[in-house]
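Hello,

Here is the structure I said I would pass on. My notes follow below it.

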Amino acid sequence: MKIDINDILNSILDSLDKVDYIKPDEIPNIDLYMDQVTTFMDEHLSSTKRYDEDKILTKTMINNYSKNNLLPPSVKKKYSKEHVLLLILIYYFKNILSIKDIETLLTPLREKYFSGSEDVKLSEIYSEVCEIEKSRIEPLKASVQEAYEKSGQAFLNTPDGEDKDELRLFAFLCSLSFDVYLKKTMIEKIIDELSGQEKSAK
């Protein structure tokens, strides 16, 4: 089967153009029961699923997040807008970080900003971070394009044909994976430093 790397690249870049985030004003201002929370997340994050059968959020997940100090407990079995904002962040972080790392990362948000008593609201922090992330899409597309072009110049001594296309696709995937590996390593080192500072403070 012939692999068209160019088609794959165009599909990737098209998907990056469609990346968006749940706006705080899309989240109901009333407290929600657990079923309503899972329904809301399913409706708004369904486009991020790899497979149709994948689960965005389940009752078990929510309970585990609370047990692991990622999420404050519900109040009278209801979850606030701030709960939903943290659940959205957890959903994205869990794809690359351990539960322990997410706990370290979200502790300041949970302890300082969740109650809404601070001058800076959790919804404002969330929106600011999401806008920064959206501003990274164009540079990311340029980086992906560069990785694609470099992989297209690989294996010059290999005869043209399906094998060459497969090897170039492999090189492209390795390049993308290397970026993820380096960034994940940097994130983990920063989290380890934060974790160490918290232990010293205690």
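Is Lys 76 buried or exposed? The model is a predicted one, and in it Lys 76 has a relative accessibility of 77%. The cut-off for exposed is over 50%, so Lys 76 counts as exposed. This lysine sits in the loop that connects α3 (59-67) to β2 (78-79).

Partly exposed covers the range between the buried limit of under 20% and the exposed limit of over 50%, so Phe 155, at 35% relative accessibility, counts as partly exposed.

Now the chain as a whole. Eight helices and two strands were assigned in the protein chain, and their order from the N terminus is α-β-α-α-β-α-α-α-α-α. The C-alpha trace spans about 65 × 40 × 30 Å along its principal axes.

Of the 202 residues in the protein chain, 31% are buried. The accessible surface comes to about 13,300 Å², and carbon and sulfur atoms account for 53% of that area. Taking contacts between residues at least 6 apart in sequence, 65% join residues at least 24 apart.

On charge, the protein chain carries 37 negative and 28 positive side chains. The centres of these two sets are 6 Å apart.

Regards

Conventions: Residues numbered from 1 in each chain as written. Predicted model: local features only at pLDDT ≥ 70, side-chain atom pairs only at ≥ 80, totals over all residues. Heavy atoms only, no water. Helix = DSSP H or I, 4+ residues; strand = E, 2+ residues; numbered from the N terminus. Buried < 20%, exposed > 50% of the residue type's maximum accessible area, 1.4 Å probe, protein only. Contact = heavy atoms within 4.5 Å. Areas by Shrake-Rupley, 256 points an atom, 1.4 Å probe, with all protein chains shown as cover. Lys, Arg positive; Asp, Glu negative; His and termini not counted. Charge placed at Lys NZ, Arg CZ, Asp CG, Glu CD.
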